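Biologist: I would like each label tied to its cut-off. Can we go through the terms one by one?

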Amino acid sequence: MQQRSASTAKNLVSKILNHRNHIQSLKRPPCDVFINHRCIDTKRTISGLLFDHLSRLRLHPFLDSKNMRPGDKLFDNIDRAIHECKVGIAVFSPRYCESYFCLHELALLMETKKRVIPIFCDVKPSQLHVKDNGRCPPKELQRFAYALEEAKYTVGLTFDTLEGDWSQFLTTAAEAVVHNLIEVDGEETHKERKYFMKTYF
């Protein structure tokens, strides 16, 4: 009788665990890498290829055109992904600064102190400027300009889409992402250990 009840309990626990695993598999994985880009410029080229390359490495990149579903609230999902991510990639293209969404995402990445890897695609850092089109409040423009300057003075990668080696570039960019993720994980572990020692000793 005891064996039967133990067996029933094991089966029940097994069913609960399977159910939980199923629910977990339906949930979206946390975002490791947020790819900030001007969709119309780089979705089908550098940003899309980078997303696929990082996914094959079993990382969890976020690219709005790949991760967003019909019915998702644009700002809510993007802002949550930025807060969750460990590393940001800012893909700068010649018309990047014309997009409010690009600049908003970049500013949020900088304000949340995320590690950002700039990629200057067919554009030089000196060519990037926040323009006042009369539709953006001065405070917001200042926020965007500060984030852009911070990104421009961060060591990044450059790529020429006409003459560059795509395969080599994707490998180099993925290596930079992995290196930064390892460093961020190391910093987080160090902070947790320091907090534990301070709290309990």
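Biologist: Leaving aside neighbours within four places in sequence, which residues is Asp122 in contact with?

Modeller: Pro94, Phe159, Asp160 and Thr161, once those neighbours are left aside. Contact here means heavy atoms within 4.5 Å. The model is predicted, so local features need pLDDT of at least 70 and side-chain atom pairs pLDDT 80 or more, while totals for chains, interfaces and linings use all residues. Residues are numbered from 1 along each chain as its sequence is written, and side-chain values use heavy atoms, without hydrogens or water.

Biologist: Why is Asp122 called partly exposed?

Modeller: Its relative accessible area is 38%. Buried means under 20%, exposed means over 50%, and partly exposed is in between (1.4 Å probe, protein chains only). The value for Asp122 falls in the middle class, so Asp122 is partly exposed.

Biologist: Where is Asp122 found, and how far is it from Thr158 in space?

Modeller: Asp122 is in the loop between strand S4 (115-121) and H7. Helices (H or I, at least four residues) and strands (E, at least two) are DSSP runs, numbered from the N terminus. Asp122 and Thr158 are 36 residues apart in sequence and 7.7 Å apart in space, C-alpha to C-alpha.

Biologist: What makes Phe159 and Trp166 an edge-to-face pair?

Modeller: A pair of aromatic rings is described by the distance of the centres and the angle of the planes. Rings of Phe, Tyr and Trp (its six-membered ring) pair if their centres lie within 6.5 Å; planes under 30 degrees apart count as stacked, over 60 as edge-to-face and the rest as tilted. By this rule there are 7 aromatic pairs. Phe159 and Trp166 are 4.8 Å apart centre to centre with 75° between the planes, and the pair is edge-to-face. Ring pairs also link Phe92, Tyr96 and Phe120 into a cluster.

Biologist: Which accessibility class does Phe159 belong to, and which does Trp166?

Modeller: Phe159 has 7% relative accessibility and therefore counts as buried. Trp166 has 25% and therefore counts as partly exposed.

Biologist: Why is H6 called roughly perpendicular to H7?

Modeller: The axes of H6 (residues 100-111) and H7 (residues 138-152) come within 9 Å and cross at roughly 70°. That angle makes H6 roughly perpendicular to H7. Angles under 35 degrees count as roughly parallel, over 145 as roughly antiparallel, 65 to 115 as roughly perpendicular and the rest as oblique. Axes are lines fitted to C-alpha atoms, for helices over the stretch in contact, with angles from 0 to 180 degrees between N-to-C directions.

Biologist: Which residues of H6 and H7 meet?

Modeller: Among those in H6 are Tyr100, Leu103 and His104, and those in H7 include Glu140, Arg143 and Phe144. By class, the contact has 10 nonpolar, 1 polar and 4 charged residues. Ala, Val, Leu, Ile, Met, Phe, Trp, Tyr, Cys and Pro count as nonpolar, Asp, Glu, Lys and Arg as charged, and the others, Gly among them, as polar.

Biologist: What is phi of Arg58, and how do you know that Arg58 is exposed?

Modeller: Phi of Arg58 is near 65°, a positive value in a residue other than glycine. Most residues other than glycine have a negative phi. Arg58 lies in the loop between H3 and strand S2 (61-62), and its 74% relative accessibility is why it counts as exposed.

Biologist: What makes Lys113 exposed?

Modeller: Its relative accessibility is 72%, so Lys113 counts as exposed. Lys113 sits in the loop between H6 and S4, and its phi is positive, about 60°, although it is not a glycine.
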